[in-house]
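Welcome! Here is a short briefing to read alongside the structure, with a few points to look up as you go.

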Amino acid sequence: MKSIAMKIILGSALAMSAGLLGCSGKKAAEINAPEGWHLVWNDEFEGKDIDTSKWDFQIGTGSQYGLEGWGNNELQYYRKENASVKDGNLVLEARKEDFGGRAYTSARLRTVKDDGTELFTKTYGRVEARIKMPTGNGLWPAFWLLPATTDYGSWASSGEIDILEAKGRLPNRVYGTVHFGQAWPGNKYSGGMYKFPNGETIADYHVYALEWEPGVLRWLVDGNLYYETSQWWSLGVNQSEPYPYPAPFDKPFYILLNFALGGNYDGGVNPEDYSFPAQMLVDYVRVYDKDQPYATNVKRPIPERDQENFKNFATSDGKNFIFDPEMKDAITEVGNISLLSNENMDINNRAWYFLGLSDFGGSAISTAESFDGIQGRHVKITNPGNQNYSVQLIQHLPVAKGYSYKIQFDAKASAARKIAIKLGGDADNSWAVYSPEYYPELAEQVKHYSYFFTMENQTDTTARLEFNLGLDTNDVWIGNVSVTQEEL
């Protein structure tokens, strides 16, 4: 689910062994596994009660995890009483009832416990469930995976895989999504949508599946592949380069089933009273392993590249895309301005722009200065403002789709402090963020800093590299700035 739920992930680094100990019920012996796969864990929901050796209940509004509204402004209070087994189905029932300060109740189950006990986790495999869902405004059922460890950092650095999300007001479609990148708010996601054939909806039983192998994720509905990706990355706090691929999707994940109401996913659409009670029915959940060994030493595929534009980009030395790495020239602008007109910009003659954005309370003085043998720029901040971008140094440069870049610079401060750096678009590109936002810790001594990103957006010949220096009054010195094209 699109949430900051990664913050609540608990559990040890040990995954449950992929053996038949997790298989149960009369149906298990009768299950025909998909070709090339064999069953390793399942729940057919054939008994009278939920099997607590496989599932644990999450209760409340998320406040116990510091996530009121489960990080999505959801409207329900989760209760154990809203989950049951009936007629061979797991039933998650949403009700219109006041409880715990909320107007609705529902249910959420997962295969780990709050105390960290892992009931079932898995790295790689095919995870599927046969599910029937209700229709109606503000209904948000989901079947998904979260990491059992935070080895790569908090959400979404350690990943999230949404096998199924549905919007009850749009019953002819479902969605599959993968979340990755940096810790929120530097998270990224990609995904696809499946539209049912005419006459079919989420109110019918369908089999929703994820095939997860090293370096590839595939989403299927009733055996129909509708989205596949191999493009993701994970960057930890204060790291300059991503973890080795296929991180973060090379660790154990656990399974969740829940039925949320309202929230951000469908733009805050609220449920209608006549929808209740509403039930999400799960006929089974099954996990398979491949018959053949999984691939090893996989590499991230090179994304589609804009080679024509890249060849046309000129740089000052044929390598560095920064035209003034010593930051000798800067145009000073004060006030809340719409920065520059891109059509008037000369791609071969870009100066730095120094901004104190008064609308955000920022003001500062910028001078070219030599420090510690480095020619660069000294920024003396007179008012730090209320945003990190209240004080900025900016240079425009071209970046092409599908290429990877390394941003490097030397810097120090008058006292220990953070700054924020990113590369993104101007208003003509909806202020899109192209790189992860990087927050280096500056010290009184000069240090060298670098970080890496891949341009996943469309080519932007006038992208902007931002050094955001607000929120702190300590002086900053920056020099030897470079942006170079690198290979993954």
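In which loop does Leu471 lie? Leu471 lies in the loop between strand E28 (460-468) and strand E29 (476-486); helices (H or I, at least four residues) and strands (E, at least two) are DSSP runs, numbered from the N terminus. Please keep in mind that this is a predicted model, where local features need pLDDT of at least 70, side-chain atom pairs count only at pLDDT 80 or more, and totals for chains, interfaces and linings use all residues. Residues are numbered from 1 along each chain as its sequence is written, and side-chain values use heavy atoms, with hydrogens and water left out.

- Most residues other than glycine have a negative phi, and most peptide bonds are trans.
- Leu471 is not a glycine, yet its phi is positive, at about 75°.
- Leu471 counts as exposed because its relative accessibility is 51%; buried means under 20% relative accessible area, exposed over 50%, and partly exposed in between (1.4 Å probe, protein chains only).
- Asn297, also not a glycine, has a positive phi of about 55°.
- You can find Asn297 in the loop between strand E17 (278-290) and helix H1 (307-312), and with 72% relative accessibility Asn297 counts as exposed.
- The peptide bond from Trp155 to Ala156 is cis, with omega near 10°, and Ala156 has its place in the loop between strand E9 (139-147) and strand E10 (160-165).
- Another cis peptide bond joins Ala247 and Pro248, with omega about 5°; Pro248 is in the loop between strand E15 (224-229) and strand E16 (253-261).

**Aromatic rings**

- A search of the whole structure finds 27 aromatic pairs; rings of Phe, Tyr and Trp (its six-membered ring) pair if their centres lie within 6.5 Å, and planes under 30 degrees apart count as stacked, over 60 as edge-to-face and the rest as tilted.
- In one of these pairs, the ring centres of Tyr65 and Trp70 are 5.7 Å apart and the planes are at 45°, so the pair is tilted.
- Tyr65 and Trp70 are both buried.
- The rings of Tyr104 and Phe276 also make a tilted pair, because their centres are 5.1 Å apart and their planes are at 35°.
- This pair links distant parts of the chain, 172 residues apart: Tyr104 is in strand E6 (residues 102-106), and Phe276 is in the loop between E16 and E17.
- Tyr104 is buried, with a relative accessible area of 9%, and Phe276 counts as buried at 13% relative accessibility.
- One aromatic cluster is formed by Tyr124, Trp212, Trp232, Tyr245, Phe249, Phe253 and Tyr294.

**A closer look at Trp70**

- Trp70 has its place in the loop between strand E2 (56-57) and strand E3 (76-78), and its relative accessible area is 2%.
- Along the chain, Trp70 and Ala260 are 190 residues apart, while their C-alpha atoms are separated by 9.4 Å.

**Charges over rings**

- Lys167 lies over the face of Tyr265, at 4.9 Å from the ring centre; a charge sits over a ring if NZ of Lys or CZ of Arg is within 6 Å of the ring centre and within 35 degrees of the ring normal.
- The charged end of Arg305 sits over the ring of Tyr403, 4.4 Å from its centre.

**Asp475 and its contacts**

- Asp475 is in the loop between E28 and E29, and at 11% relative accessibility Asp475 counts as buried.
- Not counting residues up to four places away in sequence, Asp475 touches His378, Val379, Lys380, Ile381, Lys412, Ala413 and Ser414 (contact means heavy atoms within 4.5 Å).
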